[in-house]
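Please look at the sequence and the three-dimensional structure shown below. The explanation that follows is meant to be read with both in view.

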Amino acid sequence: MAEHLLQASRQRQVKAMTAAAGSAGQAAVPLLLCALLAPGGAYVLDDSDGLGREFDGIGAVSGGGATSRLLVNYPEPYRSQILDYLFKPNFGASLHILKVEIGGDGQTTDGTEPSHMHYALDENYFRGYEWWLMKEAKKRNPNITLMGLPWSFPGWLGKGFNWPYVNLQLTAYYVVTWIVGAKHYHDLDIDYIGIWNERAFDINYIKVLRRMLNYQGLQQVKIIASDNLWEPISASMLLDSELLKVIDVIGAHYPGTRTVKDARLTEKKLWSSEDFSTLNSDVGAGCWGRILNQNYINGYMTATIAWNLVASYYEQLPYGRCGLMTAQEPWSGHYVVEAPIWISAHTTQFTQPGWYYLKTVGHLEKGGSYVALTDGLGNLTIIVETMSHKHSMCIRPLLPYFNVSQQFATFILKGSFSEIPELQVWYTKLGKPSERFLFKQLDSLWLLDSGGSFTLELREDELFTLTTLTTGSKGSYLLPPKSQPFPSVYKDDFNVDYPFFSEAPNFADQTGVFEYFMNIEDPGEHRFTLRQVLNQRPITWAADAFNTISIIGDYKWSNLTVKCDVYLETPEKGGVFIAGRVNKGGILIRSARGVFFWIFANGTYRVTGDLAGWIIYTSGHADVTAKKWYTLTLTINGRFSSGTLNGKPLWKNVSVNFPKNGWAAIGTHSFEFAQFDNFRVEAIH
């Protein structure tokens, strides 16, 4: 016993904890007394009775929606560094799974993502950034599991209804083309396909989808359902043998580490296919650490997928900074490798999909939990967490109270693990900066003289990984540039001959889709423009606005001038706007306030205090028609605003009291084609 207590004492010194903690671990003798007097438990890790479930990996979601929007505009080398922290094996989060949104043109939390088929006869596999992201992930980890899931769908699939199951064959065809396109254009093999994120499933649709996949030779693509709650999908599977056969994995969202009896009875793999969604502070890190262990212990879930991968969207949009790391400043190159990256590493760097959980996993006597996994070839990884209630609350569901206190935990290795001579030790302590460590390698544990057992002294908000693998590492780069606000003078003429991405940098579409466009009819200065390309409302996932809108800039902007050339394509009914102080986006876009300057093809203008157009500040006649270019300027200064058309004042000194600040924006009155060029914004700080 003394040997492993000495080990514990050596760890205490390595950790250089507070004086009190340090004094407790200076020598083996007082520690031995502590061990005899202090509460603690013994936990056997054994494979003699077989193994638990197969481990499928830890991953994250890009999308649902537009969560990686700003990442693509990062300058090198910072963009590649961020991708390394996410995907590079034995470096950072080293993720096993990447799940992406199949863009459907609708607002899906923090923006819209473009569909590969905006219209019935349209196919384009180079829109958006998820293709690029999957390729970057595969470049770093060729074994990464890829998943696709729709949130919204292009409107034409609904044939007039806001529903994707009007024509099951058509929707299945649409999803299968995305999988085939991924392979054909990007050499990406999609491993799992989902149904409809957090919305209704249709049993016949799932069967049609399986048949169509098989017909296309895509037998290896597995179906996960229903990316919502455990029920009613589990009960439906038990009642329908064909449905049971075609679904490979039951995926539930935010399960609170628990599953239900029906799900277990299906004998299918159970995944937490979306989880976390919590501010990436130390509390978010604690949440992530706790559920990565307890999703398996309490709920038999063999994969956990975080929403979202990287917080690369304007922070004041819904769920700001709820990514594993933060990269929301492409203009400065600044990013932050947040604690959840290193929490992930505790599991991801020392396991792989295809490993197995041991049957001997569980809760610690004084709070916290432990899991152990093996590759079946002699390797063993043990992950112990003691996250306290206060420091591990996820955004949802409500977390019932539990207590965690200081304890000694003795682990006894049995079965094929009894002869393991040495374990590497990785350690995290969340909380006070003076005591905080993230993914720190400690001295390894020698087990030869201790009969295959060791004792850890555990305090709250700690994480230990003990493993036979020696490949773990804490990757690092030089610090990125300092944080900077969005440039106060910003312009874009959209003159890009062959754009690498379909969207202009920093514009974040909140309803509608704005894409680089080449105007073949106009060889002059408006040959290259930005065009709103949706001509009908998508099958929505959230409450898209009835107008299209793309935001840009600094939410703190108050006094500013926005200038843009605009081109209405729809006679009589068409309308476009430029705006400032836009105060809401994402799923709240419908209720956005701001100062909106509209012109309409019927020869009128309007100034409104909201996107929906209920609050009219002023309106009147304007010499405007479709199919002509106009230059709009909007100036907001303090409590007053004014606007010009082609340089001539159209309205001035209109009083605006609310909101005090917000983004700049462009957009259209309805789902209609319109073009924008020579965008310029100047903010006065």
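The model is a predicted one. Its protein chain contains 12 helices and 37 strands. Along the principal axes, the C-alpha atoms of the protein chain fill a box of roughly 90 × 60 × 40 Å.

How much of the chain is buried? Of the 685 residues of the protein chain, 62% count as buried, where buried means a relative accessible area under 20%. The accessible surface of the protein chain amounts to about 25300 Å², and carbon and sulfur atoms supply 54% of that area.

Contacts within the chain may be sorted by separation in sequence. Among the contacts between residues at least 6 apart in sequence, 72% join residues at least 24 apart. The protein chain carries 59 positive and 65 negative side chains, and 5 Å separates the centres of the two sets.

The buried residues of helix 5 are Glu130, Trp131, Trp132, Leu133, Met134, Glu136, Ala137 and Arg140. Which elements do the buried residues of helix 5 pack against? Their partners are strand 3 (57-62), helix 4 (78-87), strand 4 (97-102), strand 5 (145-150) and helix 6 (168-186).

The cysteines come next. Two cysteine sulfur atoms are taken as a disulfide when they lie within 2.5 Å. By this rule the count is one disulfide. Cys287 and Cys394 form the pair, with an S to S distance of 2.1 Å. Because the torsion about their S-S bond is about 100°, the disulfide of Cys287 and Cys394 is right-handed.

Cys322, by contrast, takes part in no disulfide; its nearest cysteine sulfur is that of Cys287, 9.8 Å away. Cys564 is another buried cysteine, with a relative accessible area of 0%.

Pro397 lies in the loop between strand 17 and strand 18, and a cis peptide bond with omega of about -10° joins Arg396 to Pro397. A cis peptide bond also joins Glu76 and Pro77, where omega is about 5°. Pro77 is placed in the loop between strand 3 and helix 4.

Backbone angles draw attention to two other residues. Phe276 has a phi near 80°, a positive value in a residue other than glycine. Phe276 is located in strand 9 (residues 269-276) and is buried, with a relative accessible area of 0%. Arg581 is likewise not a glycine, yet its phi is positive, at about 55°. Arg581 sits in strand 29 (residues 575-582) and counts as buried at 2% relative accessibility.

Asp449 is found in the loop between strand 20 (437-446) and strand 21 (453-458). With a relative accessible area of 64%, Asp449 is exposed, since that term applies to values over 50%. The C-alpha atoms of Asp449 and Pro421 are 8.9 Å apart, and the two residues are separated by 28 residues along the chain.

Methods. Residues numbered from 1 in each chain as written. Predicted model: local features only at pLDDT ≥ 70, side-chain atom pairs only at ≥ 80, totals over all residues. Heavy atoms only, no water. Buried < 20%, exposed > 50% of the residue type's maximum accessible area, 1.4 Å probe, protein only. Helix = DSSP H or I, 4+ residues; strand = E, 2+ residues; numbered from the N terminus. Contact = heavy atoms within 4.5 Å. Areas by Shrake-Rupley, 256 points an atom, 1.4 Å probe, with all protein chains shown as cover. Lys, Arg positive; Asp, Glu negative; His and termini not counted. Charge placed at Lys NZ, Arg CZ, Asp CG, Glu CD.
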